[in-house]
Amino acid sequence: MRPPLGRAGMIGQWASKLDREAMSSSFYTGFTRLCKGLAVVLVLGHVLLQIFPPALPYVALIPSRTIPFAWNLITAGYIEQSLIGVAVSTIGLLLFGKLLEPLWGSKEFLKFIIVVNLFTSICVFVTAIALYYITRQESYLYMPFSGFHGVLSGFLVGIKQILPDQELSLFILKIKAKWMPTLVTLISIATSFFITDSVSYLPTLLCGIYMSWIYLRYFQKRPETSLKGDPSDDFSFSSFFPEFLRPILDPITSLFHWVFCGRRSGSSAELRGRSLDATPLPGFDSIEATRRRERGARALEQRLAAEKLSAMGKVEGTSHQSAAENV
């Protein structure tokens, strides 16, 4: 028979339970209005396909039909063909949005989704056409590409930029956010050898990571300035790879700067201190990059603390009400 708990033990047990309930409650709360609206769009898109299956060729990206149905480049990213897909996309949108939207602002967050979705679809279209000409397999022309996972992978790039040292849970592992895009890419490529229809999702996922990096690296307006991009060394393309590969990748990544900035630069020293239009850019300064990450971490801590206090208040109110009823 277990000995009765003392008053201190009962208080400690109740506090531990309260903390668990508060953290569990905060996990399911705090979702933004914009993310809830977009989640409804994803669910309605899936429901539309279940009720009207013939609508798939008109809303999904089918390379052979894209020329007459160019709107597919926009609609495909918001259409999930499977129940698992819509569940993962909805949960991912709500959780990532709760983290990124307060830091970027609703307008920039929505702009990121629209731009990354559009250019991911264009990239997938070009990839499918290229695969057809390389392999001569017509299946690449008639396969319906769709899903929000391209934008979800782009969110991981955004978290890498703002909170690179934030630990994220992946099953039983805790991984720093700066390695999540790389890890997701490696896992997706590895599993593609064992999944027959991997081509239906792998190009979208990889293009989503790549296009979101291009947007954040060269085109996103910084909220604290009127300048664009994040040219810091910590957010270079080679930073997605292990350090021993970076000397090989750095000369290759200088091509990106030549394409988007109109001139070739072979070293980060030449890039530092300039923006896309050759004006000084604080983002090139490692100090400014550190400040940006600190602002993101501070905003995250404040939001989590506010959610925890709110959840604890609700739990305490429920506990007091239950105690009053028992009395």
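Mentor: Buried here means under 20% relative accessible area, exposed means over 50%, and partly exposed is in between, using a 1.4 Å probe on protein chains only. This is a predicted model, where local features need pLDDT of at least 70, side-chain atom pairs count only at pLDDT 80 or more, and totals for chains, interfaces and linings use all residues. Residues are numbered from 1 along each chain as its sequence is written, and side-chain values use heavy atoms, with hydrogens and water left out.

Trainee: Okay, take Gly-147: buried or exposed?

Mentor: Gly-147 is buried, with a relative accessible area of 6%.

Trainee: And where does Gly-147 lie?

Mentor: In the loop between H7 and H8. Helices (H or I, at least four residues) and strands (E, at least two) are DSSP runs, numbered from the N terminus.

Trainee: Which residues is Gly-147 in contact with?

Mentor: Skipping neighbours within four places in sequence, Gly-147 is in contact with Ala-76, Gly-77, Ile-79, Glu-80 and Thr-204. Contact means heavy atoms within 4.5 Å. Also, Gly-147 and His-46 are 101 residues apart in sequence, yet their C-alpha atoms are 10.0 Å apart in space.

Trainee: Let's zoom out. How many helices and strands does the protein have?

Mentor: There are 13 helices and two strands. Of the 327 residues, 42% count as buried. Among contacts between residues at least 6 apart in sequence, 67% join residues at least 24 apart.

Trainee: Which residues does the "transmembrane region" annotation cover?

Mentor: The UniProt record, an unreviewed entry, puts it on residues 69-97, 109-134, 140-159 and 179-195. Those positions are in the numbering used here, feature names are shortened, and annotations may be inferred rather than shown by experiment. In the model, residues 109-134 are 100% helix and 0% strand, with end C-alpha atoms 37 Å apart. Residues 140-159 come out at 70% helix and 0% strand, and there the end C-alpha atoms are 32 Å apart.

Trainee: What about H6, how many residues has it got?

Mentor: H6 has 30 residues and reaches 43 Å from its first C-alpha to its last, close to the 44 Å expected at 1.5 Å a residue. That expected span is 1.5 Å times one less than the number of residues. After H6 comes Arg-136, whose phi is positive, near 60°.

Trainee: Which ring does the charged end of Arg-136 sit over?

Mentor: The ring of Tyr-132, at 5.7 Å from its centre. To count, NZ of Lys or CZ of Arg has to be within 6 Å of the ring centre and within 35 degrees of the ring normal. Lys-160 also lies over a ring face, that of Phe-240, 4.7 Å from the ring centre.

Trainee: Now the nonpolar core. How many residues are in the largest one?

Mentor: The largest core has 53 residues, and Leu-93, Phe-109, Phe-112, Ile-113, Phe-148 and Phe-155 have the most contacts inside it. Helices that each supply at least two residues of this core include H2 (33-51), H5 (83-104) and H6 (106-135). A nonpolar core is a set of buried Ala, Val, Leu, Ile, Met, Phe, Trp, Tyr and Cys residues joined through side-chain atoms within 4.5 Å.

Trainee: What does Ile-113 touch?

Mentor: Not counting residues up to four places away in sequence, Ile-113 touches Leu-38, Tyr-78, Leu-93, Phe-148, Val-151 and Phe-155. Ile-113 lies in H6 and counts as buried at 1% relative accessibility.

Trainee: Switching to aromatics: how many pairs does the structure hold?

Mentor: It holds 19 aromatic pairs. In Tyr-210 and Trp-213 the ring centres are 6.5 Å apart and the planes are at 25°, so that pair is stacked. Rings of Phe, Tyr and Trp (its six-membered ring) pair if their centres lie within 6.5 Å; planes under 30 degrees apart are stacked, over 60 edge-to-face, the rest tilted.

Trainee: Which helix do Tyr-210 and Trp-213 lie in?

Mentor: Both are in H10, three residues apart, about one turn of the helix. Tyr-210 is partly exposed at 27%, whereas Trp-213 is buried at 2%.

Trainee: How many residues of H10 are buried?

Mentor: 15 of the 18, so H10 is largely enclosed by the rest of the structure.

Trainee: Last one: which residues form the aromatic cluster?

Mentor: Tyr-78, Phe-96, Trp-104, Phe-109, Phe-112, Phe-148, Phe-155 and Tyr-215.
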